[in-house]
Amino acid sequence: MKIRNPRTGKYDYELDEDRVKSIANKTLQIRDAQKAWNAQGVTKRVEVIQLWLESLKEYQPEIAKQLSIDTARKRISEVETGGALGLVQAWCYRAPQLLALPAERPSMSANTVTVQQQWIPYGVVGVISPWNFPLLLALIDTVPALMAGCSVLLKPSEVTPRFMDGLEKSIQAVPELAKVLKLVRGGADAGKAVVQNSDAICFTGSVPTGKKIGAACAERFIPAFLELGGKDPAIVLKDADLEVSTDAILRSCVGATGQACQSLERIYVDAVIYDDFVKEITAKASKVTMTVNPKKGQMGPLIFEGQAQKIQEQIDDAISKGAKVLTGGKVKEIEGGLWCEPTVLVNVDHTMKVMTEETFGPIIPIMAFTTVEEALKWANDSIYGLSASVFSTNKDKAIQIAGKIEVGAVSINDGSLTNKVYDAEKNSFKESGINGSRMGDAGFLRFFRKKALLIQSAHPETMMDFEEMSKD
């Protein structure tokens, strides 16, 4: 496959796709190795994962450089690799604590029976990860699955695949790990093969693709842990700190060029402060500069050209229906890359795609509301339910409103905190996902099936105990 460089627009990298037969062979290898991997216990698995952690540290500069080409983001790529190392370290600490099985206990319903619990990991877990944060979103499912005693087929996105070269080296440096963790390279066909060969699937990506994967998993009767798209709302109350709210919302909307599922994508502001809010955030947005010179600026190009087209379509649709552009408004080609300045839109409403469809770009559409009930109605008017934000100097009021937004996580007086806080369990609402949380302890425990051992201490019932007694 020819892979596009998002900064230059040139196809300067080739990805050798795994064929279906190759993926099947990899599955057989890690399925055989999984039994021994699980049997050796979590303490030994931690030792192996810690060896991998040291290997990842060794290859961190190479992986970060590859990520920076994949995504055209140098600083964020360095932060991403650091975050991935922290993720591995955290599970090395937490997983052994979570594997302490409950003691044998008497049954509540049968007084001569005691109960023991066993946790049985899935054999092969397939992980299909997206292009926007290639390393971190690949490991967020992979590491806890390995810790649980599963083996893993990992297929990162074909849009940003360069980092797999460094990642592969880090894996091969730890032979015990290489037996149970295999990378899969390729596009849709490779992804389908991963689904067909796995015992459970973790997928992060778009709603349409997630629905297809969910249907394929249902056909095979295997679980699908789906973390899908978002259209995250922010509600800014009239008592909100203007400096705090505009800083946080701007960063959330355009940080990483808006290419994150937890980016804020629609802003509802109390009419009392609406004009001041719009003036403030527009002034700040106009100061954000592009990293056309890689050594300067805050915002990189759009990674995926298909997404760039959707962003421009949404902007054009909004303008055609009466929206006004205060900053930005155009996807531009500069030196082969596709760039979009932070785009503040006003006079928007829910007839426009920019308020209802996932954007995945640096767009800030702002609507005024007159009552909190109106703001909540609009915030919940969506097929998505990933996350949201509420801004108010009254913490109790903000928490009360947050509880009424139909999403899995709400940041109070900040935006997109789910990209920093991994230890808070949450579920996606509506079409933003389904099944166990990948955050918090559940991110580990979801990889086990629960088995019960029911131990009878008395003589079991006999058929004679069921003799019918006549009342005549």
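# Briefing on a predicted protein chain

Lys 404 touches Leu 376 and Asn 380, with residues up to four places away in sequence not counted; contact here means heavy atoms within 4.5 Å. The model is predicted: local features need pLDDT of at least 70, side-chain atom pairs count only at pLDDT 80 or more, and totals for chains, interfaces and linings use all residues. Residues are numbered from 1 along each chain as its sequence is written, and side-chain values use heavy atoms, with hydrogens and water left out.

**The chain as a whole**

- The protein chain has 14 helices and 22 strands; helices (H or I, at least four residues) and strands (E, at least two) are DSSP runs, numbered from the N terminus.
- A compact globule of 472 residues would have a radius of gyration near 23 Å, and the 25 Å of the protein chain agrees with this; the radius is taken over C-alpha atoms, and the globule rule is 2.2 Å times the number of residues to the power 0.38.
- The C-alpha trace of the protein chain spans about 85 × 65 × 35 Å along its principal axes.
- Of the 472 residues in the protein chain, 54% are buried (buried is under 20% relative accessible area, exposed over 50%, partly exposed in between, with a 1.4 Å probe and protein chains only).
- Among contacts in the protein chain with a separation of 6 or more, 72% are between residues 24 or more positions apart.
- Carbon and sulfur atoms hold 54% of the accessible surface of the protein chain, which comes to about 21500 Å² (Shrake-Rupley method, 1.4 Å probe).
- The protein chain has 56 positive and 58 negative charges, and their mean positions are 4 Å apart; Lys and Arg count as positive and Asp and Glu as negative, while His and the chain ends are not counted. Each charge is placed at NZ of Lys, CZ of Arg, CG of Asp or CD of Glu.

- Helix H2 covers residues 42–71, and Gln 66 is found in it.
- Gln 66 counts as buried because its relative accessibility is 12%.
- The side chain of Gln 66 reaches the backbone nitrogen of Gly 166 at 3.1 Å. Such a polar contact is a pair of N or O atoms within 3.5 Å; within protein, one must be able to donate a hydrogen and the other to accept it, and residues adjacent in sequence count only if both atoms are side-chain atoms.
- Apart from its neighbours within four places in sequence, Gln 66 is in contact with Gly 166 and also with Arg 162, Phe 163 and Asp 165.
- Ser 68 has its place in helix H2 as well, and its side chain reaches the backbone oxygen of Lys 65 at 2.6 Å.
- Arg 73, Lys 74 and Ser 77 are in contact with Ser 68, leaving aside neighbours within four places in sequence.

**Ala 375 and Ile 267**

- Ala 375 lies in helix H12, residues 372–379, whereas the place of Ile 267 is in strand S11.
- Ala 375 has 0% relative accessibility, so it counts as buried.
- Ile 267 likewise counts as buried because its relative accessibility is 0%.
- Between Ala 375 and Ile 267 there are 108 residues along the chain, and their C-alpha atoms are separated by 9.6 Å.
- Ile 267 and Met 355 are 88 residues apart along the chain, with C-alpha atoms separated by 9.2 Å.
- Ala 375 touches Ile 235 and Phe 369, not counting residues up to four places away in sequence.
- Leaving aside neighbours within four places in sequence, the residues in contact with Ile 267 include Ala 234, Val 236, Ile 249, Cys 253 and Phe 277, and also Ile 364, Pro 365, Ile 366 and Met 367.

**Residues in loops**

- Lys 404 lies in the loop between helix H13 (395–402) and strand S19 (409–412).
- With a relative accessibility of 49%, Lys 404 counts as partly exposed.
- The C-alpha atoms of Lys 404 and Glu 373 are separated by 9.9 Å, and the two residues are 31 residues apart along the chain.
- Lys 179 lies in the loop between helix H6 (175–178) and strand S7 (181–183).
- Gln 29, Ile 30 and Ala 33 are in contact with Lys 179, its neighbours within four places in sequence being left aside.
- Lys 179 and Arg 220 are 41 residues apart in sequence and 25 Å apart in space, C-alpha to C-alpha.

**Positive phi outside glycine**

- Phe 221 is not a glycine, yet its phi is positive at about 65 degrees; Phe 221 lies in the loop between helix H8 (207–220) and strand S9 (224–227).
- Phe 221 counts as exposed because its relative accessibility is 80%.
- Thr 257, also not a glycine, has a positive phi of about 60 degrees, and Thr 257 is found in the loop between helix H9 (242–254) and strand S11 (264–270).
- Thr 257 is buried, with a relative accessible area of 0%.
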